[in-house]
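Thanks for coming. Please have a look at it before I start.

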Amino acid sequence: MLGPLAVSGVTTSGHGPKVAALAALIHLRPGRSAEFLCTAMDPVNPWSTRTLQSRLSEIRSRLGTAPDGSPYLPRPTHGYRFHPDVTSDWQRFQDLATRGLADPGAGTADLENALYLLRGKPFEGRDLAWADAVQQEMISRIVDTAHTLAVRHTEGDHPDLDAARRAALRGLEIDETSEVLYRDWMNIEWGAGNTAGVRKAIARLHQVARTYDISLEPVTEQLIELVLSDQSGAARYARSPRT
């Protein structure tokens, strides 16, 4: 889900996209009823029970059974849910990010690995009404992870500004409106003495602000002033927490 939606064993032809979307819905919203699934898959013209059962059969056929002999999509008892062995890149991302954020030392590698899972924006290329909330949750978590990683790479006696830059820019690929990541980017370029890089970050931020009609946060405006005048307080503002 961290990019174009794809399910192992499910093709992109025929009913494949709908089958993949239904599988993602069951994975992200386990325990839901058939009625819920029918409505969520098409709020305007809800699926019929027959259509739902047909797509569920396709999922079962494609995924098969777990090593313990249980089907990966069991018959429902209290709603539809997958076998515990069924996982996703989003679940893996959460595990890595949670562990990495909790450990300021050794956890940095976990944050790197979490960002490595990204193939693009969550659900890229699909407009699924039921996915709006989880998509925003994913983007927010990705931004937090990228920001934390960028800050960690700029701290300490031996900062790695290249790694910090990669983290900030990776996050901006997912959310081009994230001001905290632009502040990270500006701080990184300012710390590297890269005036052209500072101006590039500011220009891109201003362009995004115009495109989306966004008013910049005061802390961002203050940082822009500081880095353009090359004053020494820039890093403090760049690392201000998100609010």
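Is the crossing of α9 and α10 left-handed or right-handed? This is a predicted model, so please keep that in mind throughout. The crossing of those two helices, α9 and α10, is left-handed.

Let me stay with that pair. Helix α9 covers residues 195-212 and helix α10 covers residues 218-229; their axes lie 11 Å apart, at an angle of about 150 degrees. Angles over 145 degrees count as roughly antiparallel, so α9 is roughly antiparallel to α10. On the α9 side, the residues in contact are V198, R199, I202, L205 and H206. They meet T220, I224, V227 and L228 of α10. Sorted by class, this contact of α9 with α10 holds six nonpolar, two polar and one charged residues.

I224 brings me to another residue, N187. The C-alpha atoms of N187 and I224 are 9.7 Å from each other, although 37 residues separate the two along the chain. N187 belongs to helix α8, residues 179-191. Is N187 buried or exposed? Buried means under 20% relative accessible area, and N187 counts as buried because its relative accessibility is 7%.

Helix α2 is residues 34-41, and α1 packs with α2 at an angle of about 130 degrees, with the axes 11 Å apart. That angle makes α1 oblique to α2. The crossing here is right-handed. From α1, the contact uses K18, A21, L22, L25 and I26. From α2, the contact uses F36, L37, A40 and M41. By class, the contact of α1 with α2 has eight nonpolar residues, no polar ones and one charged.

Last, the core. As general background, nonpolar side chains in soluble globular proteins tend to be buried together. How many residues does the largest nonpolar core have here? The number is 69, and the residues with the most contacts inside this core are L22, F93, F123, W130 and M186. Which helix gives the most to this core? Helix α1, residues 16-28, does, with nine residues. L22, then, is on that list for the core and is also part of the contact between α1 and α2.

F123 is another name on the list. Leaving aside residues up to four places away in sequence, F123 touches M1, G3, L5, A24, L28, L128, W130, A131, V134, Q135 and M138. One of these, W130, is itself among the residues with the most contacts inside the core.

That is what I have for today.

Key:
Residues numbered from 1 in each chain as written. Predicted model: local features only at pLDDT ≥ 70, side-chain atom pairs only at ≥ 80, totals over all residues. Heavy atoms only, no water. Core = buried A, V, L, I, M, F, W, Y, C linked by side-chain atoms within 4.5 Å. Buried < 20%, exposed > 50% of the residue type's maximum accessible area, 1.4 Å probe, protein only. Helix = DSSP H or I, 4+ residues; strand = E, 2+ residues; numbered from the N terminus. Contact = heavy atoms within 4.5 Å. Axes fitted to C-alpha atoms, helices over the stretch in contact; angles between N-to-C directions. Parallel < 35°, antiparallel > 145°, perpendicular 65-115°, else oblique. Left-handed = near helix turned anticlockwise from the far one by under 90°. Nonpolar A, V, L, I, M, F, W, Y, C, P; charged D, E, K, R; others polar.
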